[in-house]
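Please read this short briefing alongside the sequence and the 3D view.

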Amino acid sequence: MENAVQEIVAKQVLTVAKAVEDKLDEEIHALDRLDLDDLEVLRERRLQQMKKMAEKRNRWISLGHGEYSEIQAEKDFFSVVKASDRVVCHFYRENWPCKVMDKHLSILAKQHIETRFVKINAEKAPYLAEKLRIVVLPTLALIKNAKVDNYLVGFDELGGTDEFNTEELEERLAKADVIIFEGESSKFLSKSKAQAQSNKSVRQSSNPDSSDSE
């Protein structure tokens, strides 16, 4: 019985290996069949992709991407989130935890030009704070396509300390798909996507003492 099982497993392994080998052979033959015209088509396609990316970058920069800026008036929040596909908005007050968050967001704003990074004083935006249920500060509202898709509340998801590094915050934002991340930590993203979906409904605790300090 044991020999029969081993034989079945061996056959399955060989079948998979043969399928992989056939796929590789097919891709190699496809490359071999490319002529100069095909290469020119690929080159033109690549140039068009580069052109579109350059146009995107120029548009992003014109909208304020690439820098970490403050929304001065509450009403301007809506025009900001409508103009960009991805926005990270830091609801803050003048305290130490929010200054720590400012430092990291300033770095990420320069690294992730595809996303708009902004902040707004929660005490001067009472309507937004109430509507979005902002209780603990700092809170990051992670916005996609003009809708708040997720929240990062305080430092609980960053180790519960203000000594977290920028990469940890970057990973958290990437898990929420609010930035495009291609760094080493991207290996964590696939297994975290399901968790990110289940965390979409996470809202602030009724206890305001988590990270907010005078």
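**Cores and backbone**

In this predicted model, the largest nonpolar core has 23 residues. The residues with the most contacts inside this core are Phe77, Cys89, Phe91, Ile120, Ile134 and Ile143.

**Nonpolar cores**

- Leaving aside neighbours within four places in sequence, Ile120 is in contact with Ile71, Glu74, Cys89, His90, Phe91, Tyr92, Ala125 and Leu128.

- Most peptide bonds are trans, and most residues other than glycine have a negative phi.
- The peptide bond from Leu137 to Pro138 is cis, and its omega is near 5 degrees.
- Pro138 lies in the loop between α5 (126-131) and β4 (139-144).
- Arg133 is also in the loop between α5 and β4, and has a positive phi of about 55 degrees although it is not a glycine.
- With a relative accessible area of 49%, Arg133 is partly exposed.

- Asp177 is not a glycine, yet has a positive phi of about 60 degrees.
- The loop that holds Asp177 runs between α6 (166-175) and α7 (189-198).
- Is Asp177 buried or partly exposed? Asp177 counts as partly exposed, at 30% relative accessibility.

Technical notes
Residues numbered from 1 in each chain as written. Predicted model: local features only at pLDDT ≥ 70, side-chain atom pairs only at ≥ 80, totals over all residues. Heavy atoms only, no water. Helix = DSSP H or I, 4+ residues; strand = E, 2+ residues; numbered from the N terminus. Buried < 20%, exposed > 50% of the residue type's maximum accessible area, 1.4 Å probe, protein only. Core = buried A, V, L, I, M, F, W, Y, C linked by side-chain atoms within 4.5 Å. Contact = heavy atoms within 4.5 Å.
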